[in-house]
Amino acid sequence: MLHIINKSPLTNCALDSCLRVAQSGDILLIEDAVYAATSGNAFEGKIREAMGRFKIHVLRPDLEARGLADRIIAGILPVDYGGFVELTTTNKNCQSWL
Amino acid sequence: MKFGIVVNEGPYQHQASDSAYLFCKAAIEKGHEVWRVFFYHDGVNNASKLTEPPQDDRHIVNRWGKLNEEHGVDLVVCVAAALRRGIKDENLAKGFRISGLGQMVEAGVKTDRLIVFGD
Amino acid sequence: MSDIKKFMFVNRKAPYGTIYALESLEVVLITAAFDQDVSLVFLDDGVYQLKKGQQTKGIETKNFSPAYRALEGYDIEKLYVEKESMEARGLSEEDLLVDVTVMGRAEMGELMDQQDVVLSF
């Protein structure tokens, strides 16, 4: 399953809840969730821990817009909108954690 | 693949509508079909023809309309959510139509993937 | 029939503060009319939607919580509450206005994986 997250983990529990409930699959960080993909953020430890169970992707245009494209945590995969589309097709279902 | 899209937030206030549009554009470029975009909650405000953004900004409403015109994307606005928020046929932008919630369920049934964009 | 899909509605937001809970319920009722396999899950603040004793007179807003009790009449009987979310809010099953299945996070994660369409508002 593809899990789509769009909130910063520092202000909202969506990513935390996803990591608690979901067992495995792909995670795509979009909109304000891209802050979770940057090194040095307070949530980094949890993200690194989750990388064993999940494949984590980040929407590059959203990261670039926020001036953080050069801070991606190693191992998190940047994708463009085409890559976003592909993730929805390669997974058999998806969930937006709104 | 056949996609259905749900947009839960209004334009300009939240990025959801932009993300949904850019997703649709990328899907179409890859040769997929975007069968329907369903506008719910404050998302119905995407369909107001009274929208007038500053000239140097994107025109979110017209951008959706163009998707309908050029790629036949069915743009459906939820009637109950629209009436609550003052969106009616008289201020409905070109390319959109107002219909029932069943159209969202139908999009879930008939498409291969239903992707939700919201807050 | 190939047209029957598994629809899951994920409720993670509290009622009244925003309209999402109410408008989500409206979709659920419509989905029932399409003869789909419908389940509802409540996690995080979504659990508050099911709290007994909601009195909305003072905020001049319609109390829509009785509608959860009507779901049974629409053959929607799969209501799941995540145990961790419920406990984190100091609630127990007795506080909820409908019969639900309480399940742990891992079990709920598996249930999500099995769905065709997951809707969240």
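Hi everyone, let's start with burial: in chain A, 44% of the 98 residues are buried. Please keep in mind as we go that this is a predicted model.

What does the fold of chain A look like? There are four helices and five strands, and from the N terminus on they run β-α-β-α-β-α-β-α-β. Chain A's C-alpha atoms fill a box of roughly 30 × 30 × 25 Å along the principal axes. On contacts, take the pairs in chain A that are at least 6 apart in sequence: 68% of them join residues at least 24 apart.

Now to the core. The largest nonpolar core has 99 residues, and those touching the most other members are Leu29(A), Val34(A), Ile5(B), Cys24(B), Val37(B), Phe39(B) and Val77(B). Helix 1 of chain B, residues 16-29, gives this core its largest share, six residues. Let me pick out Ile5(B): leaving aside residues up to four places away in sequence, Ile5(B) touches Ala20(B), Cys24(B), Val34(B), Val37(B), Ile115(B) and Phe117(B).

Last stop, the contact between chains A and C. How many residues does each chain bring? Chain A brings 13 and chain C brings 17. On the chain A side, helix 1 (14-21) and strand 5 (94-96) each supply at least two residues. By class, that side of chain A has seven nonpolar residues, five polar and one charged.

Conventions: Residues are numbered from 1 along each chain as its sequence is written. Chains are lettered from A and ligands numbered from 1 in the order in which they are written. This is a predicted model: local features need pLDDT of at least 70, side-chain atom pairs count only at pLDDT 80 or more; totals for chains, interfaces and linings use all residues. A residue is buried if 20 or more other C-beta atoms lie within 10 Å of its own, exposed if 12 or fewer, and partly exposed in between; C-beta atoms are placed from the backbone. Two residues are in contact if their C-beta atoms, placed from the backbone, lie within 7 Å. A nonpolar core is a set of buried Ala, Val, Leu, Ile, Met, Phe, Trp, Tyr and Cys residues joined through C-beta atoms within 7 Å. Ala, Val, Leu, Ile, Met, Phe, Trp, Tyr, Cys and Pro count as nonpolar, Asp, Glu, Lys and Arg as charged, and the others, Gly among them, as polar.
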